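Subject: Structure handover

Hello,

Here is the structure I promised you. Please open it first, then read my notes below.

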Amino acid sequence: MGETEQRPTAGSRLGAQENAGISTLEHGQKPPMTTPGKLVSIKIQMLDDTQETFDIPQRAPGKVLHDAVCNHLNLVEGDYFGLEFPDHKKMMVWLDLLKPVMKQIRRPKHVVVKFVVKFFPPDHAQLQEELTRYLFALQVKQDLAEGRLTCNDTSTALLISHIVQSEIGDFDETIDREHLVKNKYIPHQEALEDKIMEFHRNHMGQTPAESDFQLLEIARRLEMYGIRLHPAKDREGTKINLAVANTGILVFQGHTKINAFNWAKVRKLSFKRKRFLIKLRPDVNSSFQDTLEFLMASRDFCKSFWKICVEHHAFFRLFEEPKPKPKPVLFSRGSSFRFSGRTQKQVLDYVKEGGHKKVPFERKHSKIHSIRSLTAQPSEQHTEVPKQTARAYGDSNDAAAVQSCRQGKELKSSTEDTGQHKSPSLKKSPKEGRKVDGAVVSAVEEEEEPAKDRMQQNRPQSQQPSTAGSLTGSPHLSELSINSQGGPSVANMTLSPNLSPDAKQSSPLVSPLLNDPSCIRADDEEEVKRKRFPTEKAYFIAKEVATTERTYLKDLEVITSWFQSAVSKEDCMPETLKNLIFSNFEPLHKFHTGFLKEIEQRLALWEGRSNAHIKGDYQRIGDVMLKNIQSMKQLTIHLRKHNEILMELENGIRNSRKLETFCRDFELQKVCYLPLNTFLLRPLHRLMHYKQIMERLCKHYPPSHMDFRDSRAALAEISEMVAQLHGNMIKMENFQKLHELKKDLIGMDNLVIPGREFIRLGSLSKLSGKGLQQRMFFLFNDILLYTSRGLTASNQFKVHGHLPLYGMTMEESEEEWGVPHCLTLRGQHQSIVVAASSRAEMDKWTEDIQMAIDLAEKSSGPAPELLASSPPDNKSPDETTVDQESEDDLSASRTSLERQSPHRGNTTVHVCWHRNTSVSMIDFSIAVENQLSGNLLRKFKNSNGWQKLWVVFTNFCMFFYKSHQDNHPLASLPLLGYSLTLPSESENIHKDYVFKLHFKSHVYYFRAESEYTFERWMEVIRSATSSASRARALSHKEPHAY
């Protein structure tokens, strides 16, 4: 290479190697020959809005122009980028790298070609170079401005706050306001300026590189990240949009993704005139046809989209560039188009080999002039890095990645030793050694129902890592501690998403600070975790306070934000009721917002993001809990009102059809993932959680511990509050459950009456003329109802009969009827024969029915004093007895739990119906105590990768979110009927803290971050998977276990 004379390029003048661009040729190959001749000038618009002119030979292929742009930028990972331009029909198309430029751009003087991101990887941690991440950040900024990247206001403000941090540095209110006035990042930005500045305040000390990383971390979680919509119609003529991503082909309706076809499922892509065809691999479990057809606006639109799909498949799925097909001898049929360039695997391998130098680059919009150096050799820093000095960094065993900002330029140097040392930013990629073509995309199985939203497809294995011992669920990957290596602490990162399983390895937040001469490898991560981050049980107890507080705050927002907003738009609720609800919930929300902030700040100090941990003053949580629990006592007046709020709302619903419809419609919204009245009881439930947490903390601490005294005092305070509100909690739990059941039943209007207590519900088989028929039974302290699920769109259960418990007798009758687990219930006017699914189920029903019969005998009817505050139903009861059931309307439909309907189809009643099990009021009460939330890694039975999710466990169900910031779950997994075990050796799950959930053929593996969190998840999930026995109940005077 040194023997041939070369023309200087923009890159070489800045000290870059000649091959620092994105050449896709193998080592030793030469680029295609271009006949020298007349030069043509092409104008290129860069991502920072500057324009550059490039002179290329008239017959040069597109690759020459692409390489020239990448060399000009000193861009190593240029394969992620492309050149797009408007063709003669004003349609934006990608420049074909194999065809001559002049055959594609007819009038170059009048065309501006845009240099933009073309391939968006599933995880930005795969982008090894800081320059590449900077350009991706510019693309996100551009997509926000053009309205292509849509998201909610909170996410938008958070994204912009990171952009502002990278451009002007640390927060200063005056400078921020001036900057936001001069720079419009989105249309109508004024409404978000206060929120942007609030977030910007939390990014103190964050470098531009760190801001880019955080920006991409947030952006990649958005549904529209990297998406370009292509209008089309389906076979029915419905207008939709098609898009292509790293995972496959996506279908959108508006900006909502409604379907996805993973590459692993796609057998062939083709187009015929205006028709775009997707041929799928045969799947017995799929309802899709073998070939899907979409109609696009024209043949050109269709071909353009087909080309993009071919390129995405090749880039993300193939090991190497596909070989060209031999030219046909006589005539050709179809397009000869093929992907040209390196695949993603080739790019990653090339960068890991480190056969290039890193040179500084200028951030056009950045105004930061401070020097931020993390190297031990400050004298070696220059605004430019000539070739002769670049090697000096590589020769030092203490060399670390150099990041500094001087005169608006961020410097970045790396090692150049051959085989001895690699730059810290070129760490071993988690993708190394994986099978690129083995993308894992598992559809949500039947039991994991979408919570009114489609579960997003798992990302391809690029996410999967061998993350395993990885940093995913570890304490140092807490949302609270992103810069946890001793750099400037971020005071409040509550709204920053977690790093992905792979993200830590090449993060600019971490890599400059790992000053070991040899980089930390993925297999050393566990050792690093043990050395650097808290492992004591008290820390994880404190972290549980933070994670569950986040969920509690989101639940409060369902009332204070979502419900209040919906109510304000509809004139359906009396003003007195509005004032009663929101005047009592808003003070709670305000208090707990501050409480959560304090907990997170304490955790940040505990995790060592300041020097405070040296003194040991902040490795405790009891003082924070004591202070806030004492302050919480002032809110008792609001907590006492919850009894009244619940009853007044139910009264309003009963008296107003409009309000009833409004509340039912609100419950169908994605954000209302539980029955509405459950959210009204959340503040009372939360007191129980504080009490349990403080009990665990006091049990853990020895009396000599510095935090024991505060923890003990906090426990005494919260125990006193719980004791004061205990009576209300018992009454309201039963009252709420009766009203919830009322929504699931048809044919019984007077379910909620004073004195009635719910005891158990579940599926039993009733013996009739046609044999055993599945029925849903509801046991109360005075009556036993039996129902069936009809074919109505409401998914409700129709009441077919009831047996008063007064005077009832019960006897086992397996021998008489020849049916296993069989009981005969004899009432005063009617007898029925029922069978349970197992001996255990039969024992539960026998125990509860006998107890209910005994209560009915003692009280001679419903006891008014049990729930004196329950309002009677003012609708007239049926005058005649319920008709004997007709077998014609009893064909219960066994539709999937995922069936959509105007009524909530995923309630506990429906789960019991499908799983053929039962649940008691004691189980519900235990479930109130056993709520948990936090990050878990999930793995399907037939997949190789672990997916990180934010999981909320409540109401016998696991709800899955992308992150704790999300307002609604992606999917839910009801656990009634599931078995909880540990994976066996034969399952090859060689990871710590893994538990297994399985029901029939459905198997899920979950992985916790520590021994404590593993035990806690096992404890709470066991409460849902193993139903409580009535023997564990308290006396009748205190029927609900708290």
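Start with the open sheet of 7 strands, ordered β28-β27-β26-β25-β31-β30-β29 with antiparallel pairing. Its edge strands are β28 (971-974) and β29 (979-981), and each pairs on one side only. From one strand to the next, the twist averages 35 degrees. Strands here are DSSP runs of E with at least two residues, helices are runs of H or I with at least four, and both are numbered from the N terminus. Two strands pair if DSSP finds at least two bridges between them.

This is a predicted model: local features need pLDDT of at least 70, side-chain atom pairs count only at pLDDT 80 or more, and totals for chains, interfaces and linings use all residues. Residues are numbered from 1 along each chain as its sequence is written, and side-chain values use heavy atoms, with hydrogens and water left out.

Inside the sheet, β25 (residues 932-940) and β31 (residues 1002-1007) are antiparallel partners over 4 bridges. R938 stands opposite F1006 in β31.

Now the loops. K90 sits in the loop between β3 (81-86) and β4 (92-94). Its phi is positive, about 65 degrees, although K90 is not a glycine. Most residues other than glycine have a negative phi.

N988 lies in the loop between β29 and β30. N988 also has a positive phi, near 55 degrees, and is not glycine. Its relative accessible area is 53%, so N988 is exposed.

Best wishes

Note on methods
Axes are lines fitted to C-alpha atoms, for helices over the stretch in contact, and angles run from 0 to 180 degrees between N-to-C directions. Buried means under 20% relative accessible area, exposed over 50%, partly exposed in between (1.4 Å probe, protein chains only).
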